[in-house]
Amino acid sequence: MRKQPLPVVERRSCVACGTCQSVCPRGAISVRYGIYAVVDPERCIGCGMCSRECPAEIIRMEVCT
């Protein structure tokens with residue numbers, strides 16, 4: 001079970017600006033179809049950079065079980 005938090009993107013509110021993608025040190029986030037961001041949990045290290053830098057404030061960090 002993963003103990004580190006993962007970013008959760010509110011897809012309906014995502015403006016697909018790409019900020020989260022550009023600040024992710026592991027390349028774990030990509031913008032799909034120019035509509036919303038998607039997180040690759042295998043690459044994510046749970047640093048929270050995406051959540052802190054999101055201008056729309058729609059990425060939250062959660063421990064997923």
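What radius of gyration would a compact globule with 65 residues have, and what does the chain have? After that, please look closely at strand 4 (residues 59-62).

Reply: Keep in mind that this is a predicted model. For 65 residues, a compact globule would have a radius of gyration near 11 Å. The chain has 11 Å, so the two agree. Along the principal axes, its C-alpha atoms fill a box of roughly 30 × 20 × 20 Å.

Next, the layout. The chain has 2 helices and 4 strands. Read from the N terminus, the order is β-α-β-β-α-β. Strand 4 covers residues 59-62.

Start with Ile-59, which lies in that strand. Is Ile-59 buried or exposed? Its relative accessible area is 7%. Buried means under 20%, so Ile-59 counts as buried. In the chain as a whole, 32% of the 65 residues count as buried.

What does Ile-59 touch? Leave out residues up to four places away in sequence, and the list holds Pro-7, Val-8, Val-9, Cys-20, Cys-50, Ser-51 and Cys-54. Strand 1 spans 6-9 and helix 1 spans 19-23. Take Pro-7 from that list. Pro-7 and Ile-59 are 52 residues apart along the chain, yet their C-alpha atoms are separated by 6.0 Å. Contacts over such stretches count in the chain too. Among contacts with a separation of 6 or more, 56% are between residues 24 or more positions apart.

Now move along to Arg-60, also in strand 4. Arg-60 is partly exposed, with a relative accessible area of 36%. Side chains of opposite charge can pair when their charged atoms come close. Here the side chain of Arg-60 meets that of Glu-10 in a salt bridge, at 3.9 Å from N to O. Glu-10 sits in the loop between strand 1 and helix 1, so this pair ties together parts that are 50 residues apart in sequence. Glu-10 is partly exposed as well, at 35% relative accessibility.

Arg-60 has another partner, Glu-62. In that salt bridge the closest N and O atoms are 2.6 Å apart. Glu-62 has a relative accessible area of 31% and is partly exposed. Shared partners join Glu-10, Arg-60 and Glu-62 into one network. The count for the structure is 2 salt bridges.

The structure holds 1 aromatic pair. The rings are those of Tyr-33 and Tyr-36, with centres 6.5 Å apart. Their planes stand at 65°, so the pair is edge-to-face. Tyr-33 is exposed, at 67% relative accessible area. Tyr-36, at 18% relative accessibility, counts as buried.

Finally, the surface. The chain exposes about 4,300 Å². Carbon and sulfur atoms supply 48% of that area.

Key
Residues are numbered from 1 along each chain as its sequence is written. This is a predicted model: local features need pLDDT of at least 70, side-chain atom pairs count only at pLDDT 80 or more; totals for chains, interfaces and linings use all residues. Side-chain values use heavy atoms; hydrogens and water are left out. Rings of Phe, Tyr and Trp (its six-membered ring) pair if their centres lie within 6.5 Å; planes under 30 degrees apart count as stacked, over 60 as edge-to-face and the rest as tilted. Buried means under 20% relative accessible area, exposed over 50%, partly exposed in between (1.4 Å probe, protein chains only). Contact means heavy atoms within 4.5 Å. A salt bridge is a side-chain nitrogen of Lys or Arg within 4 Å of a carboxyl oxygen of Asp or Glu. The radius of gyration is taken over C-alpha atoms; the globule rule is 2.2 Å times the number of residues to the power 0.38. Accessible areas come from the Shrake-Rupley method with a 1.4 Å probe; for residues, only the protein chains shown count as cover.
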